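Please view the sequence and the structure together before reading on.

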Amino acid sequence: MLKASFYNMMSAYTSNRKYIDHCWQEIELKYSHRSRYYHTLAHLEMMLSELKNVLSQVHHQDTLRFAIYYHDIIYKPGRSDNEAKSALRFEERISKTSFKFIKECKAQIEATKEHKRSTDKDTNILLDLDLLILGQTPEVYESYCKNIRKEFSAFPNFLYRKGRKEFLERFLALDTIYKVNYFREKFEEQARKNLQRELENL
């Protein structure tokens, strides 16, 4: 699904099949790197699958889809510039096509750093899609936690626990974790249970 969807979208903005191949191969390579356990192609698949349920609410679908594909293309645990670098990589690749909403898509990608509520509904949908894993079953959430710890394997336990605690407390302190009604109604309650349980077990 991922590859076919990307090719279909790119084909609307370039007829250069070799360039589409190049862009897809980079995405596949980055998200399949051996250092990744959660930020993988499966993460993108989950986001795109759930996107179908709110597609009627999306103002510009391809902008949001491009943001999904590129939002974690650059990912090094512990770095604060992953999102900015991912946005720049998106711009480098897609500016060679006829796609016109480069600025808007970069802003969406960059928004995944802070996950703050936006005045742009498409951005809020992207942010909620990025947090789908938080509201999954306890078993799926536990697997996610283990995979995140593997990605941060270079960090000693005391440092990892400190950073993870800050992450959990930041989201639990929010009035709502999810910004869009659809996601809030479907995932908010379970997400809070998962986050609270992980925090208590740290």
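## Terms and basis

Contact means that heavy atoms lie within 4.5 Å. The model is predicted, with local features needing pLDDT of at least 70 and side-chain atom pairs counting only at pLDDT 80 or more, while totals for chains, interfaces and linings use all residues. Residues are numbered from 1 along each chain as its sequence is written, and side-chain values use heavy atoms, with hydrogens and water left out.

## His43

His43 is part of helix 3, residues 41-51; helices are DSSP runs (H or I, at least four residues) numbered from the N terminus. Its relative accessibility is 4%, so His43 counts as buried (buried means under 20% relative accessible area, exposed over 50%, partly exposed in between, with a 1.4 Å probe and protein chains only).

Apart from neighbours within four places in sequence, His43 is in contact with Tyr38, His71, Asp72 and Asp130. The C-alpha atoms of His43 and Ile68 are separated by 9.4 Å, and these residues are 25 apart along the chain.

## Helix 8

Helix 8 has 14 residues, 138-151, and should span 20 Å at 1.5 Å a residue; its end C-alpha atoms are 20 Å apart, which agrees. The expected span is 1.5 Å times one less than the number of residues.

The buried residues of helix 8 are Tyr141, Tyr144, Cys145, Asn147, Ile148 and Glu151. They cover an arc of only 165° around the axis, which puts them on the same side of helix 8; the arc is that of the directions from the helix axis to the C-beta atoms. Their cover includes helix 9 (157-172) and helix 10 (181-201). Exposed Glu139 and Lys146 are on the face turned away from the buried side.

## Pockets

A pocket is an open set of points on a 1 Å grid over the protein atoms alone, where a 1.4 Å probe fits, with protein on both sides within 12 Å along at least five of seven lines; lining residues have an atom within 4 Å of a point. A volume is the space filled by probe spheres set on the points. The largest pocket has a volume of about 960 Å³. Of its 30 lining residues, Tyr75, Glu83, Phe152, Phe167 and Arg170 are the closest to its centre. Helix 9 gives the most to this lining, with eight residues.

The second largest pocket has a volume of about 280 Å³. Its lining has 14 residues, and Glu142, Cys145, Glu198, Asn201 and Leu202 lie nearest its centre. Helix 8 gives the most here, with six residues.

Conventions: Helix = DSSP H or I, 4+ residues; strand = E, 2+ residues; numbered from the N terminus.
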